[in-house]
Amino acid sequence: MASPLLAQVSSLESARAALETNPKAAGDWQAAEVAARTIADTLRTRSGEVDHKTQLGDSSLPETLAGLLKTATTTAGEAGIPSSTAAKAAVYELLRVGANVCSDHDRNRQSLLDAGVVSSVLAMLNAYWRKISTTDSSRLPIDDLRLIKTSIGVLLNASLGYEPIRLTLVSSGAPLTILQLSSTLYVPGGWVNGDVEEWKWRSGLSSWGWTAISNFKGDDDEDDRPTPGTPNDAKQPPLFDAEALPFFVTALRGFIPKLPPQEPPSFDPSTCDDLVRSDLEILNHVSMQLESLALDSQSVRCGLAGREVMCTVLDFVEKSEPPKFWASFSTPKERQSWEKKVGFCKAAVIKAVVEVAGEKDSLAILWDDKATEYPGGEFVKRMAGWIRDIKLSSDGARDDLIICATLSLGNLARDESHSTALLAPPHSLTPLLLPLLEPKVNLKVKHGCTGLLKHLAQAPQNKTLLGAAGTIEALAASGIWRRESDIAEIVQINAIGVAKHLSYLNATNALRLTTPIPNDPEGDSPLDLILDLAQRSDELTVQSEGTRVLVNVIKGLFALQQAGLNGLQSAAPDSAKKPAAPQEEPLVDEEKRKEAIARLLTLDTTEALTEMLARSGRYPILLNEAIVALTLLSTQPPAMPLVLQSLLASLPYRITESGQAVAPPSGSTNGQALSSRGSSPLDMIVVILRNPNKFFPLGLIANACTLLGTLGKDSSEDAEKVKQATRAALEALVPKAMEVDGDDQKLAAGAKAKNIVDVAAKKTLEAWSTKP
């Protein structure tokens with residue numbers, strides 16, 4: 001059955017022909033308006049037995065629409081915009097036809113694209129933006145507002161779920177044009193003293209605009225999700241760069257209280273509620289876009305770091321509130337809903353701020369090196385102020401501000417000079433941070449606090465200061481390392497990191513970690529809590545980082561340079577070695593040091609280290625740390641049998657069955673499992689000595705030799721088993737000439753490295769041949 005609407009298409013064709021001859025003819029524009037309205041209204045209803053859309057798409061309608069739009073915006077228009085009232089009325093109906101005929105109809109979408117309708121509509125929107133950007137947007141008539149809104153509707157319907165048009169519009173800059181129009185023509189809160197009818201159009205325009213932007217990004221298209229096997233690099237690039245930021249920030253300003261407060265609008269409360277909801281809808285779009293862009297775009301991260309933009313963003317996070325007049329007639333439930341929705345948006349914006357602080361190229365913008373009164377400048381001062389001024393015990397305490405401040409400063413504190421400045425006056429953060437570790441404080445705040453402390457603890461100048469302030473004791477008292485906090489693994493890892501950095505080359509802090517916690521029912525020390533956590537965790541990071549705290553404690557307490565083991569080497573290549581910065585710390589009481597060492601001479605300690613050795617085949621630095629710590633422990637007679645026992649013990653089930661115990665990678669493989677049930681940590685030492693594919697640094701091999709030499713001084717049966725298992729690999733090291741390629745300098749370096757292994761291996765074998 002033929003569609004009766006085809007007659008209206010013929011009327012449009014006639015109008016088009018007439019207008020091409022006389023584009024100013026109002027009567028012909030009116031004829032086009034009537035025919036288009038009839039088509040658009042009919043398409044809004046179900047067609048029943050007649051498939052109007054397909055018949056119209058197969059007719060001359062797409063080309064006729066394109067021709068009429070071109071005439072309206074060129075010969076009958078001004079600067080790409082219809083100029084006469086009759087032309088605007090007709091174009092409005094033509095746009096309705098375009099939007100309705102392609103809705104849920106891919107074939108018609110393609111026809112509109114091929115005919116040039118899509119490009120003509122976008123060109124008209126670009127023309128409107130050129131006009132608005134140079135004039136007062138508040139004076140734009142309603143007939144122009146509805147043209148802009150309906151044009152956006154055409155592009156939205158045409159691109160929704162249809163990739164050819166979506167990609168065409170994205171590549172043609174449509175997202176930015178629609179963002180510019182939507183953000184300029186509807187500013188949240190701008191409606192207070194406006195005309196009701198006008199702001200309803202502006203609200204609808206903005207709503208469609210933000211929906212279109214979400215569609216361009218692919219937010220609502222399930223088919224846009226990656227399918228299994230698709231490469232990650234197929235991800236669509238960000239829609240916007242830093243050029244778009246002013247249009248996002250404009251929306252945030254609408255939620256920052258104005259002084260003096262705005263007078264109540266003249267229209268009814270129901271309309272106010274609708275527009276408040278529109279404000280919230282736009283805020284949601286803006287905040288989600290800012291979060292996404294901060295994650296995906298370096299230029300946006302650097303742009304957000306700019307002083308004016310960042311100031312507005314932080315004002316929104318800190319000060320946003322609903323309009324005063326709205327609070328006078330809204331219900332408590334409505335106000336609570338507003339707070340919840342805005343709180344959700346604040347959280348997204350806070351994530352963006354934290355990402356900006358983590359951007360390397362933003363560092364010089366956010367941290368002002370020239371600031372003298374407050375080192376770091378305004379951003380740092382404000383973040384420190386939030387930590388200082390927010391009292392978590394008070395009603396309505398702003399946890400979100402503390403979370404934002406601690407996470408942001410944590411990113412900035414990765415620079416050592418920044419880290420030391422944050423603990424020095426006037427910021428003096430140490431006494432402000434430790435109360436945030438109290439058990440009653442929520443885990444999100446602790447996450448930010450421990451993350452900041454982890455970075456602060458890395459600066460050599462800060463270790464003694466943080467230790468003396470009671471940081472280790474506060475972490476132990478917080479309960480972070482206890483079983484009840486296992487749901488917050490990232491917080492536990494951060495807290496372990498604090499302990500690891502504080503104890504590195506710092507005997508005083510090492511001593512603090514081994515000191516029993518006052519009134520602890522088990523008499524545990526902070527280190528005991530960390531090792532218990534590492535033992536019960538299935539997460540490799542928790543296991544390894546927890547054991548590294550033990551390594552640092554052993555190094556600190558044994559005072560490596562005084563242990564008579566100066567031959568121990570670094571596992572890192574020479575080019576990667578950094579000299580440890582000198583630290584000034586109080587002298588450690590010798591008796592307390594000995595008591596602490598005695599508490600470490602347990603089977604739990606040696607098993608923790610040998611398990612770390614067994615599971616770290618891919619990580620030479622971890623292997624080296626385990627070997628150095630075992631060597632130091634072996635200098636203590638009570639520890640020698642424990643080290644031997646732990647090296648020879650079968651690997652525990654959780655290591656063999658999880659696949660953690662692997663040899664280093666070889667060729668194209670990721671490493672071969674050691675994990676037969678009879679494997680032991682000693683097998684990893686044999687692998688290190690044999691050094692398949694020259695994977696291990698020679699310093700690590702030399703340290704393995706030193707450990708074996710130390711253990712060989714024992715005359716027990718276990719010591720003999722260790723010798724038997726490793727002798728062949730050791731002997732192979734002595735006569736073997738090292739293969740070195742390259743120039744003379746490389747040859748010399750290779751010979752020196754070879755000599756390190758030669759000397760260590762020979763010394764070990766000689767020690768074994770000498771009777772104790």
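The protein chain has 38 helices and 2 strands, where helices (H or I, at least four residues) and strands (E, at least two) are DSSP runs, numbered from the N terminus. This is a predicted model, in which local features need pLDDT of at least 70 and side-chain atom pairs count only at pLDDT 80 or more, while totals for chains, interfaces and linings use all residues. Residues are numbered from 1 along each chain as its sequence is written, and side-chain values use heavy atoms, with hydrogens and water left out.

Q: Why is His455 called buried?
A: Buried means under 20% relative accessible area, exposed over 50%, and partly exposed in between (1.4 Å probe, protein chains only). His455 has a relative accessible area of 18%, so His455 counts as buried. Its place is in helix α23, which covers residues 443-456.

Q: What does His455 touch, not counting residues up to four places away in sequence?
A: A contact requires heavy atoms within 4.5 Å, and His455 has such contacts with Gly410, Ala413, Arg414 and Ser419, once residues up to four places away in sequence are set aside.

Q: What makes α23 largely enclosed by the rest of the structure?
A: Of its 14 residues, 10 are buried, and therefore α23 is described as largely enclosed. Among these buried residues are Val445, Cys449, Leu452 and Leu456.

Q: Why is Val549 called buried?
A: Val549 has a relative accessible area of 0%, which is under the 20% limit, so the word buried applies. Val549 lies in helix α29 (residues 540-558), and its contacts, not counting residues up to four places away in sequence, include Ile496, Ala499 and Leu513. The C-alpha atoms of Val549 and Ala499 are separated by 6.5 Å, although the two residues are 50 apart along the chain.

Q: How many residues does the largest nonpolar core have?
A: A nonpolar core is a set of buried Ala, Val, Leu, Ile, Met, Phe, Trp, Tyr and Cys residues joined through side-chain atoms within 4.5 Å. The largest one has 225 residues, and Ile688 is one of those with the most contacts inside it.
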